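Please consult the sequence and the structure shown here while reading.

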Amino acid sequence: MADRADDSEITAWALAAGQGDADALAAFIRATQRDVHRFLSHLSGPADAEDLRQETYLRALGSLHRFAGEAPARAWLLSIARRAAADAVRRARRRPRTDGIEMWEALGDNPMVVRGPAEGEILLRILVAALDPDRREAFVLTQVLDLSYAEAAEVCGCPIGTIRSRVARAREDLVAALQTHPRRRSGS
């Protein structure tokens, strides 16, 4: 990830954008949009990630003038994304399901459905999606988005030790799931 901006640069852009610098705002969004989308894809699924990314930026832009730079801007933005995803889950729980979830669950249980060169990535996405939400969140922040444990703790609003524990348990869960996956057992 050599082309990824560092946190001090992103924070400087956020501070300048909060003061009305349009170029800094554009740089801030360009530098963070991929991480926000990847994080939201893991939290809510790819189908909702784009809408939630836009919701995240709307919320962030509305409060950017209050951002003081006490923490890295990337962590601040990901905490906003986390709240946007949580709000979407709360809204969805109030509505009845209409998406034929039984069919998708049946496909997910069938080890013969996933084929081709992307099989490993798809399997990993399925296994990560099946993690406990707190563990998934900590795992994605630290292992997928490369945030430090301290930054992930800030995003999640919990102690750093909790993040370390959640990541360790997520790794254990993933190893156990891989060992029990039907394709792995059969030697395929």
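D35 and R74 are both buried, a class that means under 20% relative accessible area, with exposed meaning over 50% and partly exposed in between (1.4 Å probe, protein chains only). The model is predicted, so local features need pLDDT of at least 70 and side-chain atom pairs count only at pLDDT 80 or more, while totals for chains, interfaces and linings use all residues. Residues are numbered from 1 along each chain as its sequence is written, and side-chain values use heavy atoms, with hydrogens and water left out.

**Salt bridges**

Side chains of opposite charge can pair when their charged atoms come close. A salt bridge here is a side-chain nitrogen of Lys or Arg within 4 Å of a carboxyl oxygen of Asp or Glu. By this rule, the count is 8 salt bridges. Three of them are listed below.

| Pair | N to O distance |
|---|---|
| D35 and R74 | 2.6 Å |
| R59 and E55 | 2.8 Å |
| D87 and R59 | 2.7 Å |

The salt bridge of D35 with R74 links distant parts of the chain, since D35 belongs to helix α2 and R74 to helix α4 (residues 73–93), 39 residues apart. Helices are DSSP runs of H or I with at least four residues, and strands are runs of E with at least two, numbered from the N terminus.

R59 takes part in two of the listed pairs, one with E55 and one with D87. R59 and E55 both lie in helix α3 (residues 46–63), 4 residues apart, about one turn of the helix. R59 is partly exposed at 27% relative accessible area, and E55 is likewise partly exposed at 28%. The salt bridge between D87 and R59 joins helix α4 to helix α3, so it ties together parts that are 28 residues apart in sequence. D87 is partly exposed, with a relative accessible area of 22%. Through shared partners, salt bridges also join D7, D35 and R74 into one network.

**Packing of α2 and α7**

Helix α2 (residues 22–44) packs with helix α7 (residues 133–144) at an angle of about 155°, their axes being 10 Å apart. The two helices are therefore roughly antiparallel, a class for angles over 145 degrees. On the α2 side, R38, F39, H42 and L43 meet R136, E137, V140, L141 and V144 of α7, where contact means heavy atoms within 4.5 Å. The residues of this contact divide into 5 nonpolar, 1 polar and 3 charged.

Methods: Axes fitted to C-alpha atoms, helices over the stretch in contact; angles between N-to-C directions. Parallel < 35°, antiparallel > 145°, perpendicular 65-115°, else oblique. Nonpolar A, V, L, I, M, F, W, Y, C, P; charged D, E, K, R; others polar.
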